[in-house]
Amino acid sequence: MNNFDFSSLNTEQQAALVETEGAVLVTAGAGSGKTRLLTHRVAFLLSKGISPYNILAITFTNKATREMAERVKAMCPDGDRIWISTFHSMCAKILRMDADALGYNRNFTIYAEDDTEKVVKEILNEMSLAEDKWKKNVLFHISNWKNTIMSLAEYERACAAVVDIKKIVLIIDEYEKRLKKNNALDFDDLLIKTYKLFLNHDEIRLKYAQRFEYILVDEFQDTNTVQYELVRQLASVHGNIFVVGDEDQCIYSWRGANFKNIFNFKKDFPNVKVFKLERNYRSTGKILERANKLIAHNSSRLEKKLWTERQGGDEPVIYNAVDERDEALFVANTIERLLRQGYKPSDFAILMRLNALTRNLEEALLSYNIPHKIYGGFKFYERAEIKNIIAYLRLFVNMDDDIAFQKVINFPRRGIGDGALSKMKHLAGNKSLLRALVDGNYEVEPALQKKLENFVQTYCGLSEIDMPLADFVSEVISKFKIKDAYDTKTEEGFDKQMNISSFEGAVREFAKLNPTASLSDFLESITLASDSDEIGEGGSVTIATVHAVKGLEFRVVFIIGLEEGIFPISRANSADDIEEERRLMYVAVTRAEEKVILTHCSKRFLYGKTSYEIPSRFCKELGFYEYKPKKIEETSVFGGGRSYSASAPTQTSFGGFTFNKATILGGEQSSEIKPTVEVGKYKPGQKVEHPKFGKGEIKSISDDGLVGDIAFEGFGIKSLMLEIAPLKILEE
DNA sequence: GGATGACACATTTTT
DNA sequence: TGTGTCATCC
Ligand SMILES: Nc1ncnc2c1ncn2[C@@H]1O[C@H](COP(=O)(O)OP(=O)(O)OP(=O)(O)O)[C@@H](O)[C@H]1O
């Protein structure tokens, strides 16, 4: 097996590729072929005769995983013995084999956010602490602590300045006990418990460290402290560790990622060989220029070169939409135009800072009949009816999962309410609720006893059954009469039943793809997998947050909602926060191969109210709006803005009136468009006169006082920018 | 115990 | 906007 083909890598990449021994760090900008290098390196190792069994590759996207897995399988008969996964699923896999050393059962349940929330709520209730005051704080500290390698006592000391930290630590301590009693691990536990497993059990660490002769990690800038330490532990025997990353693309520091790990790596590993890739293969020169210009505004970074042979290309454009509907229609319209020019739906991505911005896009694309898929946001498995079924299933893997038990014991209704439940908790003592029942540890009054026995009987009956995964799931649904809880005569009930049926279908599909998988495997896959793993698979336009498309690429990228308060998000206050927002913007822009199309709205309806928006500072940093703005006369005057593009919906119907403020700029000169306001001159109820629209009455004024909605006789309600509209006050 | 309606609430990004 | 909690009534 020595027929490795180097031709699809450039010389820089090749140099890093052949350096297989020791610690290697590759830092390079976006689109420079880091992932490609990593993938090829796995293939190269195999071609040198390394067994896939001895390779561990940590990736972030499923696309990379699949690509790699396919290559490996094609090259080696036993290719499926390689470990390619995310940190989290790697840890889950390790713990499924060795968690007993930590006092956990190997069939532990993985608690997602809502489960951990329930546990915390329960504790707060019992301690008579107000939920709204404590919950968020406690949850933050749980995760924060688990993203360090400190003991709880050390954490308490480190947080000495935090108010109430004593009590918080007390709650965390109880939380840990509960999870253990429930035989459950939360997301962060997967990492930190694996770390502790290795730390306290040398023989287990050695087992894995010896096995993995070669370790590769993609997107290294987004590893957190615990992940970093895990890498060190795993590389502690062979030391052949290859990491690639780009500090400019660190976008997960809010959950503990630390791009400084890239720099630490050079210190913590001996004789690190550092490689740089400078040629970008993804984007046109015009796009790269803008991206480079943007990211140069960040201070915590190392200067990097990034060049391309694809000089020129289309100039990125920006569209100033009236509102979010106009924005969505513009996007849909532009896509349709490009589709006619031969682009495919899967060539497009519409990216945004917030999942909440997707709503209007869905409508607009639907009205244009453009196939699309929204990633992120509420997932199928998060629907209430599906979560109930999952809770039932969880009990068949891990009967100590009290959170699951409490979810299902009264669904469908069995007349077992809060009163009965607290009685049961009390009686169960330190056993879990279901286990105490199954063991028949106590008796309650006959009516309740009967109900409980019924439940236990059904449960035990099903537990003894040995049948294929998909059949078992259907059997559970039917034996517990879950579908009967929904009335098919109502549309809602019908939908829910349909969802349950599709869930059964999904299980069947999973079982087909993974013939040897157990129920536990299935449950793990749905808690750890995200739908963004499938981005770009079908023939649809991708609608997603920027976070979800990290590592991916599209011919055409729209980035919408480029407004202060949205992108950068209003919660970003510190300089570091803003730098992370800027990195996020950098990631967004560098997903594009050919075209970047940005949009922002003058006003936007979000979270139940309309607000008037200021263009994002990133517009300017990307080279737009660098001129002194011409005075925009009014929001609603035809041709008031500048429409350079044939693609802009030149007229948008709004409130029975036609607007056109569509502005597309290639990006000349400009400063911010930040109108100065004369506060208090106008107020609702005033009668005013406008030279063009005549007499009207001010109906309302935006919170910031910039724009007023005015009802004109014969013209309807119009939104005008108050400080520039030529209004005369007729009557206070 | 369960159904209903009023009210208060916050609303980033994800493994 | 939409969700989740609380009080009230059956
Ligand atoms: N040597 C090469 N020759 C031609 N194309 C290449 C080469 N290396 C990488 N590419 C292509 O460039 C694009 C970007 O590569 P890749 O995704 O590996 O970059 P990356 O550095 O991982 O990007 P990001 O930092 O955005 O994750 C891909 O389409 C890839 O196929």
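Predicted model: local features only at pLDDT ≥ 70, side-chain atom pairs only at ≥ 80, totals over all residues.
## The ligand shell

Around the ligand there are 19 residues, and those that come nearest are Gln13, Lys34, Thr35, Arg36 and Glu553. By class, this shell consists of 10 polar, six charged and three nonpolar residues. Helix α2, which spans residues 34-47, supplies the largest share of the shell with three residues, while domain 1 (6-101 + 191-279) and domain 3 (317-377 + 534-622) each contribute at least three residues.

## Polar contacts and burial of the ligand

The side chain of Gln13 places an N or O atom 2.8 Å from a nitrogen atom of the ligand, and a polar backbone atom of Ser8 lies 3.3 Å from a ligand nitrogen. An oxygen atom of the ligand, in turn, is 3.2 Å from a polar backbone atom of Ser32. Taken alone, the ligand exposes 640 Å², of which the protein buries 82%.

## The surface near DNA strand B

DNA strand B is surrounded by 25 residues, the closest being Arg353, Asn410, Arg413, Gly417 and Ser530. This surface has 11 polar, seven nonpolar and seven charged residues, and its largest share, three residues, comes from helix α18 (residues 418-428).

Of the atoms of DNA strand B within 4 Å of the protein, 58% belong to sugar or phosphate, and the rest belong to bases. On the base side, an N or O atom in the side chain of Arg353 is 2.5 Å from a base oxygen, and a polar side-chain atom of Trp254 lies 3.2 Å from a base oxygen. On the phosphate side, a polar backbone atom of Gly415 is 3.2 Å from a phosphate oxygen of DNA strand B.

Key:
Residues numbered from 1 in each chain as written. Chains lettered and ligands numbered in written order. Heavy atoms only, no water. Near = heavy atom within 4 Å. Polar contact = N/O pair within 3.5 Å; in protein donor to acceptor, adjacent residues only side chain to side chain. Areas by Shrake-Rupley, 256 points an atom, 1.4 Å probe, with all protein chains shown as cover. Helix = DSSP H or I, 4+ residues; strand = E, 2+ residues; numbered from the N terminus. Nonpolar A, V, L, I, M, F, W, Y, C, P; charged D, E, K, R; others polar. Domains from an automatic or database assignment.
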